[in-house]
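Biologist: Please take a close look at one residue of this model, and then say how the chain around it is built.

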Amino acid sequence: MANEQITLPITGMTCANCVATIERNLKRLPGVQSAEVNLASERASVVFDPAQIGQEAMIERVRHAGYGVAVGEETIPLKRLSDVGQAQRLEKRLSALRGVLEADVSVTTEIAAVKYIPTVITIAEIRKEIIAAGIEPAKSAGVGEDAEARARRNEIKYQRRRLIWGIALTLPLFLLAMARDFMLIPEVVGHTPWFDWILFLLATPVQFGVGWQYYTGAYKAIRGGSANMDVLIAMGSSAAYFYSIPVMLGLLPGHVYFETAAVIITLIVLGKYLEARAKGRTSDALRKLASLQAKSAHRIRAGAEEEIAVADVLPGDILAVRPGEKIPVDGSVTFGRSNVDESMITGESIPAAKGPGDKVIGATINRQGAFKMEALKVGRDTVLAQIMRLVEEAQGSKAPIQRLADRVSEYFVPAVIVLAAAVFAVWLIVGLGAGAADAFTTALIRAVAVLVIACPCAMGLATPTAVMVGTGKGAGMGILFRSAEALEGAGRVTTVAFDKTGTLTRGLPEVTEVIASGGPGGENELLQLAASAEKLSEHPLADAVRAAAVARGLTPQDPEQFEAEPGRGVRATVSGRKVLVGNERMLAQAGISTTPLKAEVDRLQALARTVFLVAVDGKPAGLIAVADTIKEGSLEAVALLKKAGVKLVLISGDNRRSAETVARAAGIERVLAEVLPGEKAAEVARLQAEGEKVAMVGDGINDAPALARADVGIALGSGTDIAMAAAPITLISGDLRGVARAIALSRGTLRTIRQNLFWAFFYNVILIPAAALGLLNPMLAAGAMAFSSVFVVTNSLRLKGFRG
């Protein structure tokens, strides 16, 4: 049985060490091939052998390690559930679905209660399975908030409640303690035993109420054989709190530090709350994509129209789409015509004309006419769903640059604990040696400062938050990065190699010149006669001639006689006139002199045009030049890449003169011509041997080997086949300007990652020694620690303003 991949939405992670703990626990399970956990997206991507392990075992392992998995629970009312047997069959069928953890179908209440993993299966898919079983679920209310989003929202609410309680208790505690320390209250009040008891009563709910999460997190981490941020916070705040109790009771001399313990916890909670809110904004792009989905559809059955939820649309349904409405799902127009705004998917601002047989994409907007369509792809099979899935996969993957941070984070917390113990010992020995009465207190405070200043969170968030924002921004620009590695790789590209046909050029021949020899009808008559003669031809160049005639408002006529000569041209009789359309050899064999047209033929062939000579009634009448023209946007794309300092290469299977002509027109200096499709990968390898980081741009089909060989493969999509391209990067609209934007966005993301990592390492390298030397008290240390991760997330969010 082939391996499968599953994505689990994780809750309860606080730092990079949590990531390592979950990965380590999952990898220990039999049948698990690999496990990658992303702190920013809070997801675990697991590749496993379903013959050896199931999804329930993986979820249980995550929970045993001290973390949670967001699980959805839904009750679906059913109509006309006939008997217990039918209920049992449906229950068995639902339980067998991948992503469903538990299903309970009651024939008494006619309700199906389902527990499921929202990243694996949706309620819409469960409803479709119920319909496939021959049972009708009650009408859906539409697309609701999924269980994962609900879990994230509840986490933010939970942190806010903790923060409010923390501030309500810590603020008066801190003010009272500071007032006593700065002698703002009478000494007879501040130094009485009951004053310390007031501080104790205010601090205790903070320590064991607001801060209880850190105790449970620390316990679970230690039980799992690791140490995380919770361990540091629990140790640091507990040291200050529990030291203060014997001082309060008069068992030890010195000063109580209840306010220090409470401020540490409250500041950390404040940082976590701000971090949770900021992390939520890193996935704005996905929420924006999801909001594009239509909520309802107009289904036509038996001649009657009914409004249903999009989740209830099935393949084969006939839907009515009115002007101004969103197209519900992917499908094909069956009746009517309209213009459809596809800019949200393809980035193309000009509405596309649609008629019978044309494909339409779900979530795009019908601008004008009404039409009917057949639903072809629904749910997770639609283009929008595929785009969202690709973005999610990219956001959940790890960039190579993240590996250093992961390695450091794995050993960071144990190292800090050892360092804090060493700091305590050194300060205690120095203090006792100097005869200081408060040697123990001083040593303890220095050790607490070291514990709470250390921040593994910033290191863990430095890369994934930037990747999430970068990939989301790319999706909004029509650029799909399939992994964090692709996003990072594009930023290191030094050379871009273009395929010619269909990539740099349109891939469709077009008439570029029509030159008449001076007959009375001029160019239009020449073009109409040629198009009429070519009307029965199946050659692609004949299509270009016919299209040019129609574009000028001309109507090709049916020829009375027609004969094609392969490799030469055609001869036909049109309205009684003998017409030849072909090359010089064909006209020469017919005894027709081409000398009057020779100069023009040579000039156009030098421009890499394919030239048709046209003769009418035995005399040369003119010529028609056809060429594969450069795509709109190609010239601007080349200019943008040159400005970015990227070298450009054209790789083509065409002859050198043709390839060089196109390259010259596009502004590309280096040309590799007469390269067979199978040899393009070797040419890319040669460029890499020259020390270049190569991005190959192609159509994703003929160029597949070269795309795979390049450091970064960039495929051009058409808006409907984006899932077909196996390249690391796909440009949905096929606009080559997206290549320059992708490289610029990648460079911007890499720059942000470097800034984040610099801050994360610089912060710890500078402030941990400062805390050890006594230059920071624990409260300042807690504040710095709390806001370090907020800084990293906020810096990553700046990428949302990227303009390209």
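Modeller: Pro-728 is in contact (heavy atoms within 4.5 Å) with Leu-480, Phe-481, Arg-482, Ala-486 and Gly-713, leaving aside its neighbours within four places in sequence. This is a predicted model, in which local features need pLDDT of at least 70 and side-chain atom pairs count only at pLDDT 80 or more, while totals for chains, interfaces and linings use all residues. Residues are numbered from 1 along each chain as its sequence is written, and side-chain values use heavy atoms, without hydrogens or water.

Pro-728 belongs to the loop between β29 (712-716) and β30 (729-731). Because its relative accessibility is 29%, Pro-728 counts as partly exposed, the class between buried (under 20% relative accessible area) and exposed (over 50%), with a 1.4 Å probe and protein chains only. Asn-795 lies 67 residues from Pro-728 along the chain, and their C-alpha atoms are separated by 26 Å.

As for the whole chain, it has 28 helices and 30 strands, which are DSSP runs numbered from the N terminus (helices H or I, at least four residues; strands E, at least two). Of its 804 residues, 53% are buried. Among contacts between residues at least 6 apart in sequence, 69% join residues at least 24 apart. The C-alpha trace spans about 125 × 70 × 50 Å along its principal axes. The radius of gyration of the chain is 35 Å, whereas a compact globule of 804 residues would have one near 28 Å; this radius is taken over C-alpha atoms, and the globule rule is 2.2 Å times the number of residues to the power 0.38.
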